[in-house]
Amino acid sequence: MSMAEAVLARWAADPVRGAPFVATHHRPAQPARHAPLPDWLAPPLRQALAQRGIQQLYAHQAQALDHARAGRDVVVATPTASGKSLVYHLAALQAIHEDPQARALYLFPTKALAHDQVVGLDALARAAGVAVGAHAYDGDTPADARRAIRAGARIVVTNPDMLHMGILPHHDRWAGLFGGLTHVVIDEAHVYRGVFGSHVANVIRRLKRVCAWHGARPQFILSSATIANPAEHASALVERDVVAVCDSGAPQGARSFRVYNPPLVDGTTGVRQSYVKAARQVTRRLAKAGVPTIVFCNSRLSVERLTRHLKEDVAADGGDPQTVEGYRGGYLPQRRRAIEAGLRSGAIRVVVTTNALELGVDIGQLAACVLAGYPGSIASTLQRAGRAGRRDDAASVVLVARSEPVDQYLARHPEWFHAQNPERARLLADHLLIVAEHIKCAAFELPFGPDEGLGAFGAAHTQEVLGWLAGQGVLHQGARWQWVGPPYPAQKVPLRAIADGNFVVLDQQHKHTVIGEVDYHTAAEDLHPQAIYIVGGQTYQVQRLDWVGRRAYVDPVHVDYYTDAMTYDGVRPLVAFAEDARAHARVAHGELRVFERVVGFKKIRFATGENVGYGEVDLPENDLHTTGLWIRPAPSLATASGLPPHRLVDTLRGLAQALVRVAAVHLMADARDLGHSVEGGADAPGTQPPALFIYERYPGGVGLHEALFAGLDALLAELDTLLVGCGCDDGCPACVGAPTPLLGQGDAPRSRADARRVLAALRAPVAQQAIAR
């Protein structure tokens, strides 16, 4: 029994806690399945592999290399640490060995992953005697190194953002790369979904266009975590037929997966112990026993809270608090690199992170993984769990359930998780707002011909957008469409979102040193005046927020609380694309206007979680034009459900909260990508009940609304299953959410029976076909 398993067994046997694991799933170790090295592999590469102790390949590696050798585009979708990188390393190095003019381009979603892979690639190339000059080319690369890479690198390792802004617009300087490009590697392809994936698909369109101009047609080799549609997703990303290799031959160590549901604090209301506190308790036991552990949180605030608490715990247990570190987006590159190095060396024994470490950066040998809340998808859960127990080492995984509906569903039905296939990854390359921006970038790179299109967007649609851009004064139509607007339009097109500009956080007390970054979407909530901003457990207070200049000025402070923003939002439908009439409601999807505003904040004590104060905030309203789905109940819904107006309104709010969580799981979307609201109507008998909205939290949306509309019946059925399976008496925060205080109605919990009656009425059909508008 491993040390991690012994710690968790003692935890489960603790008479005070009383067998806290509601489920334990053991997966036995699996032996490797091998295949011989391919006959065509060059002797120097064989020798380099032999020096590493590799005499044969895993079965999936050999299969993928056979496809690549045959000229097929291929995606390798196997578990974490199954040796996917060796596939594209060998394919690229073999091509360079055979042809001195051959070049390869590697794309990784993060700088950290790119730098990590350069080390392994360079070591293999040196051992084989193949001079590739592999270098990472990103925003941190010095100017003199950039010139050397452009001039001599045969393998360029970068990220989509740098390809988009720093390479394609200067493709004339990269003639050697693009003219000889034989392979494009896209690692972690499952990450390229939603807004980010839609942008990257258009960057790939531009890449293929530039390559064609330079006379090259590169082959694509992709790697992905386990998802339901690897071939379909990869094909959508590169717009070619892609073969998927999914059956892993790599060995897998024994693995346990436990679900821990924190104990009920109040059985009547269904309130449970804080999942952050529970994750802290589990991790503390593992850390005290010396088990290297990674903890995944679903928010940056949770990362900082847990990091702070665990440092205190380790110190109290006689350990070194410096062995605990937080890791998240917004940390500066130097800090992230130092943490990664500490993990590899073993100096850092516990790391608390967001999805920033979900990807395949080498972080050493970790024995345990604690998931503080369900990540939102099976694919993401498997990816995070795979960060512990690499290759054939044993690993222990603990999922700590939140009071969220989906988490509680998993706690009550843990078999569901292991019986399901991972979700599908989706992107929408033809999203008009996104593709129009990339047509601008492509026109700057190369003029468009009169009949030319951008990839599968097609010539007719592309020419229409070009005409619109000419009307904006940035293109001139002659024999070809020539760019005449401001140079380098790619600089104003961020890939990670549609909104502009990260906010930088400046420490006023230390010469305005930059201590972090916050994205535009969360800046108002995280950086409003008097907000507590946390980095690595250190607390700072925001003194001033410069909304125009995208800067927040902070001072270090010692406080025992953090802040939680309070927001007000509203939704108005603009255009319905399609509607579906039901017995007691009309369902539609289309364009919406959403407005959000941070109006205040709560002060929450670190130690106890109690609210110790409030503050007001005066920030501008954030207006969002997007897409979504809405359910507009008819007046008959009150009669059908038998509920008075005030209870119907509050029940609809509870259903909206639960539905957005269920939708996020089915769409393989982050729950933060979806917003919800219950708007309109009145709390009086005989009046129109309020409408329920679920909207995409990005300008223009990315097509999730169509999937919501098409799959609404399945989503509502899943929501009903969640309600039926809840173990509460009649409603709790885990199934129908916390009640909304209503004037004169007190704080009575929402009723699960009420929610099921309303849900049944909403599901009742009257017409099957959608009415196109």
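Me: What makes strand 21 and strand 25 partners, and how many bridges join them?

Reply: This is a predicted model, in which local features need pLDDT of at least 70 and side-chain atom pairs count only at pLDDT 80 or more, while totals for chains, interfaces and linings use all residues. Residues are numbered from 1 along each chain as its sequence is written, and side-chain values use heavy atoms, with hydrogens and water left out. Strands are DSSP runs of E with at least two residues, helices are runs of H or I with at least four, and both are numbered from the N terminus. Two strands pair if DSSP finds at least two bridges between them; strand 21 (residues 503-507) and strand 25 (residues 551-556) have four bridges and run parallel, and V505 stands opposite A552 in strand 25.

Me: Why is one side of strand 22 and of strand 23 left without a neighbour in the sheet?

Reply: The open sheet has five strands in the order 22-21-25-24-23, with mixed pairing. Strand 22 (513-518) and strand 23 (532-535) stand at its edges with a single partner strand each, so one side of each has no neighbour in the sheet. From one strand to the next, the twist averages 35°.

Me: Which strands does helix 12 touch, and what angle does its direction make with that of strand 23?

Reply: Contact means heavy atoms within 4.5 Å, and angles run from 0 to 180 degrees between N-to-C directions, with axes fitted to C-alpha atoms, for helices over the stretch in contact. Helix 12 (residues 300-316) packs on the sheet by touching strand 22, strand 23 and strand 24 (538-546), and its direction makes about 65° with that of strand 23. Helix 19 (residues 520-527) lies across strand 21, strand 22, strand 23, strand 24 and strand 25, and runs at about 115° to strand 22.

Me: Is C297 called buried or exposed, and why?

Reply: Buried means under 20% relative accessible area, exposed over 50%, and partly exposed in between, with a 1.4 Å probe and protein chains only. C297 has 1% relative accessibility and therefore counts as buried, and C369, at 1%, also counts as buried.

Me: What makes A81 and E239 stand out in their phi values?

Reply: Most residues other than glycine have a negative phi. A81, although not a glycine, has a positive phi of about 65°, and it lies in the loop between strand 4 (73-77) and helix 4 (84-98). E239 has a positive phi near 55° and lies in the loop between helix 10 (230-238) and strand 10 (242-245). A81 is buried at 15% relative accessibility, whereas E239, at 25%, is partly exposed.
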